[in-house]
Amino acid sequence: MGLRFGLLGTGHWAAETHGAALDAHPGAVLAGVWGRDPAKAAALADRYGARAYDDVDALLADVDAVAIALPPDVQAELALRAARAGKHLLLDKPVALSAAAAGELAAEVAARDLSSVVFFTNRFSDSVEEFVRSAAAEGGWHGVRATLFASIFQPGNPYGASPWRRERGGLWDVGPHVLSVVLPVLGPVTRVTALAGPRHTTHMLTQHEGGAVGSFAVTLDAPPEAKAFEIVLHGERGWVPVPGGDRSAVEAFGTAVDRLTARIGGAEEPCDVRFGRDVVAVLEAAERSVSLGRAVGVDEATG
């Protein structure tokens with residue numbers, strides 16, 4: 001029958017990406033749906049021929065794994081609950097809103113030898129994954145320049161009404177996408193300096209263990225004419241752009257399901273919850289740097 005999944009969440013991303021991909025995947029069964037709004041959970045479950053659950057624990061008892069499409073703080077709590085119930089995890093980024101919560105989840109997953117995958121969308125496209133592996137093996141990089149200017153607060157955008165995105169901004173929503181392709185190439189971040197700019201822009205410099213420096217600018221509130229998505233490495237080869245993804249979100253999520261299953265079989269997974277924890281630690285350091293007005297060590301930010 002395939003791996004039995006419970007879907008936690010009923011919003012646009014849950015319905016149009018998680019639900020659609022699980023329903024179409026030959027190695028997965030969308031067995032149940034839970035949401036904070038029971039009516040929406042019932043409608044989404046009916047759409048995909050699944051069972052709607054009012055109780056999370058009842059759903060967990062009936063599945064092998066969970067896919068979570070909820071705000072990061074809600075996700076962290078429910079993912080920990082699922083891990084303690086012995087369920088494999090397919091999570092969205094960021095995995096939590098604090099490194100402490102992400103670390104607690106990573107420790108639980110490790111202690112129970114569970115499979116975990118964090119869905120950094122482009123990391124599940126072959127073009128990006130092959131580039132990241134090749135660039136990391138080649139080395140010789142001095143840094144990266146990245147600009148991710150999204151414009152989601154426009155009429156009709158399905159994510160514009162998201163309270164957590166309005167509160168946390170581009171640093172926490174699109175920042176993880178950049179870090180997911182940069183950290184494997186430049187190495188772990190030791191220190192972060194960040195400033196807040198107009199239209200809720202965060203400008204961030206990262207110092208990496210090997211000496212490389214990253215320069216990032218991210219926002220969700222760019223003027224529509226200023227939207228941009230560019231990540232460019234620089235080093236001994238000159239300036240080299242990171243390619244864009246070559247799959248739709250639904251196709252990429254299907255690959256994430258494949259990789260979750262492969263990890264259950266013993267394969268290594270580069271985008272597991274430990275990597276998700278490392279990404280959260282950098283974001284938290286940046287947020288702290290903005291607040292304090294000085295550079296912040298990643299260890300300092302995480303305690």
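**Entry 1: α1 and α9**

I looked up how helix α1 (residues 12-24) and helix α9 (residues 249-264) pack, and found an angle of about 55° with the axes 8 Å apart. Axes here are lines fitted to C-alpha atoms, for helices over the stretch in contact, and angles run from 0 to 180 degrees between N-to-C directions. α1 and α9 are therefore oblique to each other; angles under 35 degrees count as roughly parallel, over 145 as roughly antiparallel, 65 to 115 as roughly perpendicular and the rest as oblique. I noted a right-handed crossing for α1 and α9. A crossing is right-handed if the near helix is turned clockwise from the far one by less than a right angle, and left-handed if anticlockwise.

From α1, the contact takes in Trp13, Glu16, Thr17, His18, Ala20, Ala21 and Leu22, and from α9, Ala249, Val250, Phe253, Gly254 and Val257. Contact means heavy atoms within 4.5 Å. Sorted by class, the contact of α1 with α9 has 8 nonpolar, 3 polar and 1 charged residues. Ala, Val, Leu, Ile, Met, Phe, Trp, Tyr, Cys and Pro count as nonpolar, Asp, Glu, Lys and Arg as charged, and the others, Gly among them, as polar.

**Entry 2: the source**

I am working with a predicted model, in which local features need pLDDT of at least 70 and side-chain atom pairs count only at pLDDT 80 or more, while totals for chains, interfaces and linings use all residues. Residues are numbered from 1 along each chain as its sequence is written, and side-chain values use heavy atoms, with hydrogens and water left out.

**Entry 3: the whole protein**

I found 11 helices and 13 strands in the protein. Helices (H or I, at least four residues) and strands (E, at least two) are DSSP runs, numbered from the N terminus. The C-alpha trace spans about 50 × 45 × 40 Å along its principal axes. Of the 303 residues, 53% count as buried; buried means under 20% relative accessible area, exposed over 50%, partly exposed in between (1.4 Å probe, protein chains only). I also looked at contacts between residues at least 6 apart in sequence, and 70% of these join residues at least 24 apart.

**Entry 4: α7, α8 and α10**

In helix α7 (residues 163-173) I listed the buried residues: Trp164, Arg165, Gly169, Gly170, Leu171, Trp172 and Asp173. They pack against α4 (72-84), α8 (175-186), β9 (201-208), β10 (213-219) and α10 (273-292).

The axes of α7 and α8 come within 6 Å and cross at roughly 20°, so α7 and α8 are roughly parallel to each other. Gly170, Leu171, Trp172 and Asp173 of α7 meet Gly175, Pro176 and His177 of α8.

I then followed α8 to α10, where the axes come within 10 Å and cross at roughly 115°. That makes α8 roughly perpendicular to α10. The contact joins Gly175, Pro176, Leu179, Ser180, Leu183 and Pro184 of α8 to Phe275, Val279, Val282 and Leu283 of α10. The contact of α8 with α10 has 8 nonpolar, 2 polar and no charged residues.

**Entry 5: two residues in strands**

Threonine 201 is in strand β9, and I found it buried, with a relative accessible area of 6%. Not counting residues up to four places away in sequence, threonine 201 touches Phe149, Leu195, Ala196, Val218 and Thr219.

Glutamate 230 lies in strand β11 (residues 228-235) and, at 36% relative accessibility, counts as partly exposed. Glutamate 230 and alanine 146 are 84 residues apart in sequence but 5.5 Å apart in space, C-alpha to C-alpha.
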